[in-house]
Amino acid sequence: MPFLYQDEDGHKPDPHLFIRATLALNAQRTVMVGDSIDDLRTVLNYRQLSSIQQETEAFAVQIAPTSESQFWVDQGADVVIPNVNDLPSLLSGVRSNF
């Protein structure tokens, strides 16, 4: 069975994909991990919705080389990691704050 919450129909950065996944997973906290500007814009567009439309707080993690970290932070990422393998330690470190 394919992962149901991919952007198969090309709607990123429309935040409704993010909302659909959040509702389907009954998430209380959400983290969007991405490697493209559309991934980041999905979260940024979600944050622009009214508080009534937002299901949870959204945290944006961008995967990019260390040399690009400042660029992604300037674009709105909450944090930049160089490798997806760094994600578990990042999430355990922010668990109490997020």
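The dialogue below moves from the overall architecture to individual side chains.

Modeller: This is a predicted model, in which local features need pLDDT of at least 70, side-chain atom pairs count only at pLDDT 80 or more, and totals for chains, interfaces and linings use all residues. Residues are numbered from 1 along each chain as its sequence is written, and side-chain values use heavy atoms, with hydrogens and water left out.

Biologist: What does the secondary structure of the protein come to?

Modeller: Helices (H or I, at least four residues) and strands (E, at least two) are DSSP runs, numbered from the N terminus. Here there are four helices and three strands, and from the N terminus on the elements run α-β-α-β-α-β-α.

Biologist: How many of the contacts with a separation of 6 or more are accounted for by residues 24 or more positions apart?

Modeller: A contact means heavy atoms within 4.5 Å. In this protein, residues 24 or more positions apart account for 55% of the contacts with a separation of 6 or more.

Biologist: What share of the residues counts as buried?

Modeller: Buried means under 20% relative accessible area, exposed over 50%, and partly exposed in between (1.4 Å probe, protein chains only). Of the 98 residues, 32% count as buried.

Biologist: Which side chains meet in a salt bridge?

Modeller: A salt bridge is a side-chain nitrogen of Lys or Arg within 4 Å of a carboxyl oxygen of Asp or Glu. The structure holds one, in which the side chains of arginine 47 and aspartate 78 meet at 2.4 Å, N to O. Arginine 47 lies in helix H2 (residues 37–47) and aspartate 78 in the loop between helix H3 (69–75) and strand E3 (79–81), so the pair ties together parts that are 31 residues apart in sequence. Arginine 47 is partly exposed at 29% relative accessible area, and aspartate 78 is also partly exposed, at 36%.

Biologist: Which residues make the nonpolar surface patch?

Modeller: Patches are made of residues with over 30% relative accessible area and no salt bridge; like charges are joined within 9 Å, nonpolar side chains (Val, Leu, Ile, Met, Phe, Trp, Tyr) within 5 Å. Val31, Val33 and Val84 make a nonpolar patch of about 180 Å², an area from the Shrake-Rupley method with a 1.4 Å probe, where for residues only the protein chains shown count as cover. Valine 33 belongs to strand E1 (residues 30–34).

Biologist: Where does proline 65 lie?

Modeller: Proline 65 is in the loop between strand E2 (58–63) and H3, and is partly exposed at 43%. Its C-alpha atom is separated by 4.9 Å from that of proline 82, 17 residues apart along the chain.
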